[in-house]
Amino acid sequence: MRLEGIELRLVRLRLREPFRISSGTTHDRRILLVRLTTDEAVGWAECVAGEAPNYSYETLATARWALTEHLAPAVVGREFADPAGVAATLDEAAKGHRMAKAAIEMAAWDAAARAAGRSLAEQLGGQKTRVPTGVSIGLQPSMNELLQAIEAFVAEGYCRVKLKIAPGQDVEMVRTVREHFPELPLTVDANAAYGAADLDHLAELDRLGLLLIEQPFPEDDLLLHAELQHRIETPVCLDESATGPARCREALALDACRMVNIKPGRVGGLTASKAIHDLCAEADVPVWIGGMLESGIGRAHNVALASLPNVRLLGDTSASHRYWDRDVVDPPFTLNGDGTVTVPQGPGIGVEIDEDYLDEITEERAAFSGQGSAGSA
Ligand code: NPG
């Protein structure tokens, strides 16, 4: 495919409720969307970087800079055999900046699938037509509000709940939740909020029947994750640390985790996601698909990826209504009666982009064409 043009659009979407993790709170999502044109089809994707560098060093501002100055110019006007070729060229153009790269690479996957007349799920090798789905609940102001939130999501049909934890809101909080919901499939996520001094304390979570403990320690500390994993039976799961296939291989070799949360936006796109999926499958390590409060565009990519066979755990691929009053795709993602989300079967990401609504919420746009010129509209 010849990559003819890229349009970047910055949109603002208001979350129905603010989302708080150990390192910060998100109220609105300002999302950079990529619309990529090839000689055969158009593809869409979104950049998952947030406004503050609290989840990762990448932000909306760094992604925009990397996309504008280095990544879009490196691929526009060039011919590629497949999206993996786009990923390789992006890697040659810049180190790091995986969230920025993923936005282009994933749009290339959408375009390639549309050009082939296949769904993105099929193009990726996915087999499931529905994926069971969990929900991630942000830190709540009080125990009561947390219990009520869990109650409401369980009543809606979510089959697994992920709780955010942070120092001061951890073992006791999870124990209370467990007492109220003895059978609920439950996970916890610390977003790297703990250190070596917390090993004994975190080991107490082992008795609470959790499916996994996600990213307790800083991103660059695989050894500390391995130390916790050796002390407990609950699987340790990596998110922030799992930056790509090589890092995942290291983590598995060190027994630093026994499960992996794959977020295509975090690892540079769907090519790297598939590689992580495959190497975990070989090691018999189950994976699941995380979420970054995506619009329906990023959600469609995540749901397609969740249809792969080694995605054996429920992900944070919740329905549109969990996040937005109105999503940017049609139809929006909804929760089926059995707690699943349907994997779109139409070409590419398989949902229509609501361009009228996008126009309403667009703050800025910039275009890159084959002539290498960048212009704003
Ligand atoms: O449902 O998309 C969702 C949110 C899932 O908890 C979730 N995401 O650390 O995994 C995370 C967390 C997150 C959200 C991280 C926003 C960064 C920003």
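Trainee: At what angle do α2 and α3 pack?
Mentor: In this predicted model, α2 and α3 pack at an angle of about 160 degrees, and their axes are 9 Å apart. Angles over 145 degrees count as roughly antiparallel, so α2 is roughly antiparallel to α3.

Trainee: And which residues in α2 and α3 meet?
Mentor: From α2 there are Pro 83, Val 86, Ala 87, Leu 90 and Asp 91, and they meet Lys 101, Ile 104, Glu 105, Ala 108, Trp 109 and Ala 112 in α3. Sorted by class, the residues of this contact are eight nonpolar, three charged and no polar.

Trainee: What about α1 and α2, at what angle do they pack?
Mentor: Helix α1, residues 60-75, packs against helix α2, residues 83-93, at an angle of about 140 degrees with the axes 9 Å apart, and α1 and α2 are therefore oblique to each other. The contact of α1 with α2 has six nonpolar, two polar and no charged residues.

Trainee: Switching to the core, which residues touch the most other members of the largest one?
Mentor: The largest nonpolar core has 92 residues, and those touching the most other members are Ile 6, Leu 36, Val 86, Ile 104 and Val 260. Helix α3, residues 98-116, gives the most to this core, with eleven residues.

Trainee: What is Leu 36 in contact with, leaving aside its neighbours within four places in sequence?
Mentor: Its contacts beyond those neighbours include Leu 3, Ile 6 and Val 42, and also Ile 104, Ala 107, Ala 108 and Ala 111.

Methods: Residues numbered from 1 in each chain as written. Predicted model: local features only at pLDDT ≥ 70, side-chain atom pairs only at ≥ 80, totals over all residues. Heavy atoms only, no water. Core = buried A, V, L, I, M, F, W, Y, C linked by side-chain atoms within 4.5 Å. Buried < 20%, exposed > 50% of the residue type's maximum accessible area, 1.4 Å probe, protein only. Helix = DSSP H or I, 4+ residues; strand = E, 2+ residues; numbered from the N terminus. Contact = heavy atoms within 4.5 Å. Axes fitted to C-alpha atoms, helices over the stretch in contact; angles between N-to-C directions. Parallel < 35°, antiparallel > 145°, perpendicular 65-115°, else oblique. Nonpolar A, V, L, I, M, F, W, Y, C, P; charged D, E, K, R; others polar.
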